[in-house]
Amino acid sequence: MIETGIRLMTGGEAVAEAMRQIDPDVVPVYPITPQTPIIQGFAKFVADGRARAELVNVESEHSAMSAAVGAALAGARTMTATSSQGLALMAEVVYIAAAMRAPIVMALGNRALSGPINIHCDHSDSMLIRDSGVAQLFAENAQEAYDLTVLAPRLAEHPDVLLPVLVCQDGFTITHSAEPVALLDDDDVAEFVGDYAVPHSVLDTAHPTTQGPFAMPDYYFELRRQQACALESSLEAFTEVATEYEVLSGRGYGPLEAYRLNGAERAIVALGSSAGTIKDVVDELRDEGDPVGLLKIVSFRPFPAERAAALLREVGSVIVLDRADSPGGAAPLHAELAAALYGSGTELRGHVYGLGGRDLHPEDIRRIFAGEAERYVGLRGAACPV
C-alpha cells in the first residue's frame, strides 16, 4: 500500500481525484449544483492531459444517462454525476440503465427536489429512484466519498452485479467542505480497479445479443426478478470488494457501520454526513453514562435488512432519522427499518430532519435520544399551517 499523502480537499475534489485515478473511458455530463465541482475538477484533469476520458458535453441529464448506457454496453468504462432535478430528469433512463445491466458509476451530490427550488442538501433525489434497481452508497465525509468512488467500479462491474452504482454525498456539507483526505497511489488504484469488461458487448458482432427488448407479460416478470437478484447479490459483492480494499488502504467498509452499539439501550439509524455529528453526541452521552449508539447505513440500496436487524436485536429503542419525507406515508429509511425489525418487539420511532439543507444540531440529537423532539425536527411554527 502506498498513499500519496493526506491532502485538504472538498468531497467534490476528492471524487474528481478518484475519477482521475480510475481514468474511465467515457464521461457524459451536464453540470448542476452541487455536483458541478466534481465534473469541473475532472474536466480540468482531462484538459491538462492527466486523464484520458472522452468527456461528452450533452444537452441534459437525460441525455447524459442515455449516452452512459450506450458507452457502458459498448465496452467503455463509464462514469457521470448529477444532483436533484438532474436526477429527476434522468430517472427514466436510470431505470433503463439498471434493466440493461449497465455498470455505470455515478457521483450524486444529494440536493433537495423542487419545489420550491432549493440548492441545498436533503436525500429526496436519492429516494426518487430508490426502486429503480441501482445500488446507492452513502458517504459520511470526503474520505468516504473518495474511497467509495474507488470501490464503485469494482462493485458495478462485479459479474454477479452488473448494475449502476451511485456514490451519494451530501450537497455542500460534503461536496464543498474541505477536510483531510488520504489518497492512494495512482498505480494502486489502477491495479485495484483493473480492466473494464462486460460479458456481452453490443459491438461484439460475433456473439450478437438482444439489448433493450420489448417484453410481454410472459417474460417481463422474470427479467425484473433477475435484476432484483443482481441487486441483492451486490451486498455480498460489496463486502468482498471492501475486504480487498481494506488490505490496500487500511480503511474498512461494509453495507453498514455499528458505532458503540454494544450495550446500547437506544440507537439512532441514519444516512450520510449527519452520522458524524451523531457520533460526537453518542460519545458525549456515553461519557455521561447514557448507553446510546448509532447504526450508520452505507448501502441504502440494496438495504442490509437482516444485518441491521441482527445489530439492533439487543437495542430496546430504535430511532430512525430521515433526510427525506414521504408525504402520505412512512419516510423511506423509517419504512425500511420497520420492515427489518417487524416482529422483534423493538420500539421504533422516526423523525424527518434537515429538508432543504436545514442544520441538525447536537442539541437536536440530544432531544431525539431523550424522546423530546417533534417528528419533524427543527420545523418552525405549526406542523400543518392552514
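This is a predicted model: local features need pLDDT of at least 70, side-chain atom pairs count only at pLDDT 80 or more; totals for chains, interfaces and linings use all residues.
Colleague: What share of the contacts with a separation of 6 or more is between residues 24 or more positions apart?

Modeller: That share is 80%. As for the surface, the accessible area of the chain is about 16600 Å², and carbon and sulfur atoms account for 53% of that area.

Colleague: Why are F138 and F300 called an aromatic pair, and why edge-to-face?

Modeller: Their ring centres are 6.4 Å apart, and the limit for a pair is 6.5 Å, so the two rings pair. The planes stand at 85° to each other; an angle over 60 degrees counts as edge-to-face, hence the label. By this rule the model has 3 aromatic pairs.

Colleague: What does the pair of F138 and F300 tie together?

Modeller: F138 belongs to strand β6 (residues 135-138) and F300 to strand β12 (residues 299-301), so the pair links parts that are 162 residues apart in sequence. F138 and F300 are both buried.

Colleague: How do you know that F300 and F303 form a pair as well?

Modeller: The same test is applied to their rings. The centres lie 6.3 Å apart, with 75° between the planes; the distance is within 6.5 Å and the angle is over 60 degrees, so this pair is edge-to-face too. Both F300 and F303 are buried. F138, F300 and F303 form one aromatic cluster.

Colleague: What makes R301 a charge over the ring of F300?

Modeller: R301 lies over the face of F300 at 4.7 Å from the ring centre, and the limit on that distance is 6 Å.

Colleague: Why is R266 called buried?

Modeller: Its relative accessible area is 18%, and buried means under 20%, so R266 falls in that class. R266 is in strand β10 (residues 266-271).

Colleague: How do you know that R266 and D290 make a polar contact?

Modeller: The contact is between the two side chains, at 2.7 Å, and the cut-off is 3.5 Å. Leaving aside residues up to four places away in sequence, R266 touches D290, P291, V292, G293, V315, S317 and F369.

Colleague: Why is L55 partly exposed and not buried?

Modeller: L55 has 23% relative accessibility. Buried requires under 20% and exposed requires over 50%, so a value in between is called partly exposed. L55 is in strand β3 (residues 54-57). Not counting residues up to four places away in sequence, L55 touches V27, V29, F42 and A43. The C-alpha atoms of L55 and M106, which are 51 residues apart along the chain, are separated by 14 Å.

Colleague: What makes the bond from T33 to P34 cis?

Modeller: Omega for that bond is near 0°. P34 lies in the loop between β2 (26-29) and α2 (36-47). A cis peptide bond also joins S114 and G115, with omega of about 5°, and G115 is in the loop between β5 (105-110) and α5 (124-128). Most peptide bonds are trans.

Colleague: Is R260 buried, partly exposed or exposed, and what is its phi?

Modeller: R260 has a relative accessible area of 37%, which makes it partly exposed. Its phi is positive, about 55°, although R260 is not a glycine. R260 is found in the loop between β9 (256-259) and β10.

Note on methods: Residues are numbered from 1 along each chain as its sequence is written. Side-chain values use heavy atoms; hydrogens and water are left out. Rings of Phe, Tyr and Trp (its six-membered ring) pair if their centres lie within 6.5 Å; planes under 30 degrees apart count as stacked, over 60 as edge-to-face and the rest as tilted. Helices (H or I, at least four residues) and strands (E, at least two) are DSSP runs, numbered from the N terminus. Buried means under 20% relative accessible area, exposed over 50%, partly exposed in between (1.4 Å probe, protein chains only). A charge sits over a ring if NZ of Lys or CZ of Arg is within 6 Å of the ring centre and within 35 degrees of the ring normal. A polar contact is a pair of N or O atoms within 3.5 Å; within protein, one must be able to donate a hydrogen and the other to accept it, and residues adjacent in sequence count only if both atoms are side-chain atoms. Contact means heavy atoms within 4.5 Å. Accessible areas come from the Shrake-Rupley method with a 1.4 Å probe; for residues, only the protein chains shown count as cover.
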